[in-house]
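The sequence and the structure are shown first.

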Amino acid sequence: MTPQPGALAAHPVLSVPPAEPADAVAYFGASLAFHADVSDVAAALAAGGEDPGFVLLDSRSTESWDQGHIPGALHLPTALIAEQAPRLLDPAVPVVTYCWGPGCNGATRAALALARLGYRVKEMLGGFEYWAREGFPYETWEGGDKRAADPLTAPVGADDCGC
């Protein structure tokens, strides 16, 4: 049963009505222009060989990098972006930033710093936490490692979640 116009919804899900389709297209399209997910980044890195078409940038501290990072990522802490990005990054190549995980806004701050310098940038949702939780390989100061995929974050025994 559709609520009457002007009537309050019986629950919080529809207490604010959904956006019109055209507005939803604009919003979700824009969201995808700003974000990439861990599985898509992993697939692009695997398919792209030496050049996936973007630079993956770990914006965390050296201690965090040593604790674990994505193979092939560039380590550039956010505090050093303004000073070092011009000599490390090609402005023509998009950058995908990551930090610890969804509870950290370090990748967002790094993306903002890069955008202010004129770089095209996306943020990898889930960060290093979800990279490891989805079972992708990572490196530490001791060498490479990989965990079994967490069934709450990735399908067990499949390379693709199908979304």
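The sections below proceed from the basis of the values to the overall fold, the cores and the ring contacts.

## Basis of the values

The model is predicted: local features need pLDDT of at least 70, side-chain atom pairs count only at pLDDT 80 or more, and totals for chains, interfaces and linings use all residues. Residues are numbered from 1 along each chain as its sequence is written, and side-chain values use heavy atoms, with hydrogens and water left out.

## Overall fold

The protein chain contains six helices and seven strands, where helices (H or I, at least four residues) and strands (E, at least two) are DSSP runs numbered from the N terminus. Their order along the sequence is α-β-α-β-α-β-α-β-α-β-α-β-β. Taken along the principal axes, the C-alpha atoms fill a box of roughly 60 × 40 × 30 Å.

Of the 163 residues in the protein chain, 32% are buried; buried means under 20% relative accessible area, exposed over 50% and partly exposed in between, with a 1.4 Å probe and protein chains only. Among contacts (heavy atoms within 4.5 Å) with a separation of 6 or more, 62% involve residues 24 or more positions apart.

## Strand pairing

Two strands pair if DSSP finds at least two bridges between them. Strand β5 (residues 121-125) runs parallel to strand β1 (residues 35-37), and three bridges join them; M124 in β5 is the bridge partner of A36. Three bridges also join β5 to β4, again in parallel, with V96 opposite K122.

Together, β4, α5 and β5 make a right-handed β-α-β unit. A crossover is right-handed if, with the strands pointing away from the viewer, the path from the first strand over the helix to the second runs clockwise.

## Nonpolar cores

A nonpolar core is a set of buried Ala, Val, Leu, Ile, Met, Phe, Trp, Tyr and Cys residues joined through side-chain atoms within 4.5 Å. The largest one has 17 residues, and V41, L56, I70, Y98, M124 and W131 have the most contacts inside it. Helix α2 (38-48), β4 and α6 are the elements that give two or more residues to this core. Apart from it lies another core, of eleven residues, including L76, A85, V95 and A110.

W131 counts as buried because its relative accessibility is 4%. Beyond its neighbours within four places in sequence, W131 is in contact with V38, V41, A42, L45, I70, M124, F136, P137 and Y138.

## Aromatic pairs and charges over rings

Rings of Phe, Tyr and Trp (its six-membered ring) pair if their centres lie within 6.5 Å; planes under 30 degrees apart count as stacked, over 60 as edge-to-face and the rest as tilted. By this rule there are four aromatic pairs. W100 and F128 form an edge-to-face pair, because their ring centres are 6.1 Å apart and their planes stand at 75°. W100 lies in the loop between β4 (95-98) and α5 (106-116) and F128 in helix α6 (residues 127-133), so the pair ties together parts that are 28 residues apart in sequence. W100 is partly exposed at 32% relative accessibility, whereas F128 is buried at 8%. The pair of W131 and F136 is tilted, with 5.0 Å from centre to centre and 45° between the planes. Ring pairs also link W100, F128 and Y138 into a cluster.

A charge sits over a ring if NZ of Lys or CZ of Arg is within 6 Å of the ring centre and within 35 degrees of the ring normal. The charged end of R60 sits over the ring of W100, 4.4 Å from its centre, and that of R133 sits over the ring of Y130, 4.8 Å from its centre.
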